[in-house]
Amino acid sequence: MEMGNSLAHFAAGIGAGLAVMGGAAGIGRLAAAAMDGSARQPQVAGDIRTTMIIAAALIEGVTLFAEVVCILLAVK
């Protein structure tokens with residue numbers, strides 16, 4: 001194995017890790033804000049929950065896309 005290839009794998013691992021940490025931080029902040037909003041206005045908790053689930057799915061999609069890009073760049 002040559003040095004350039006191993007550095008690509010290392011960089012892909014670092015990139016995937018950063019993507020996952022960013023996604024986790026985003027979903028954590030989203031959930032905290034949704035819980036705060038539900039506590040302040042319980043009558044709209046269902047709407048807040050629906051919006052939170054859609055936003056969390058979008059964050060997960062972007063995180064998965066970033067991981068795929070990292071893996072594709074590593075094996076190229």
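Apart from its neighbours within four places in sequence, Thr-63 is in contact with Ala-19, Val-20 and Gly-23, where contact means heavy atoms within 4.5 Å. Thr-63 belongs to helix 2. With a relative accessible area of 12%, Thr-63 is buried; the term buried denotes under 20% relative accessible area, exposed over 50%, and partly exposed in between (1.4 Å probe, protein chains only).

The structure is a predicted model, in which local features need pLDDT of at least 70 and side-chain atom pairs count only at pLDDT 80 or more, while totals for chains, interfaces and linings use all residues. Residues are numbered from 1 along each chain as its sequence is written, and side-chain values use heavy atoms, with hydrogens and water left out.

Val-20 lies in helix 1 (residues 3-40). Setting aside neighbours within four places in sequence, Val-20 is in contact with Thr-63 and Glu-67. The C-alpha atoms of Val-20 and Leu-64 are 8.3 Å apart, although 44 residues separate the two along the chain. For Gly-61, a residue of helix 2, the C-alpha atom is 9.3 Å from that of Gly-23, at a distance of 38 residues along the chain.

| Residue | Relative accessible area | Class |
|---|---|---|
| Thr-63 | 12% | buried |
| Gly-61 | 37% | partly exposed |
| Val-20 | 40% | partly exposed |

The chain contains two helices and zero strands; these are DSSP runs, numbered from the N terminus, with helices (H or I) of at least four residues and strands (E) of at least two. Helix 2 covers residues 45-75, and its 31 residues should span 45 Å at 1.5 Å a residue, which agrees with the 45 Å between its end C-alpha atoms. The expected span is 1.5 Å times one less than the number of residues. The buried residues of helix 2 are Ala-45, Ala-56, Thr-63, Cys-70 and Ala-74.

As to overall form, the C-alpha trace spans about 60 × 15 × 10 Å along its principal axes. The chain has a radius of gyration of 18 Å, whereas a compact globule of 76 residues would have one near 11 Å; the radius is taken over C-alpha atoms, and the globule rule is 2.2 Å times the number of residues to the power 0.38. Buried residues account for 13% of the 76 residues. The chain exposes about 5,500 Å², of which carbon and sulfur atoms supply 72%, as computed by the Shrake-Rupley method with a 1.4 Å probe.
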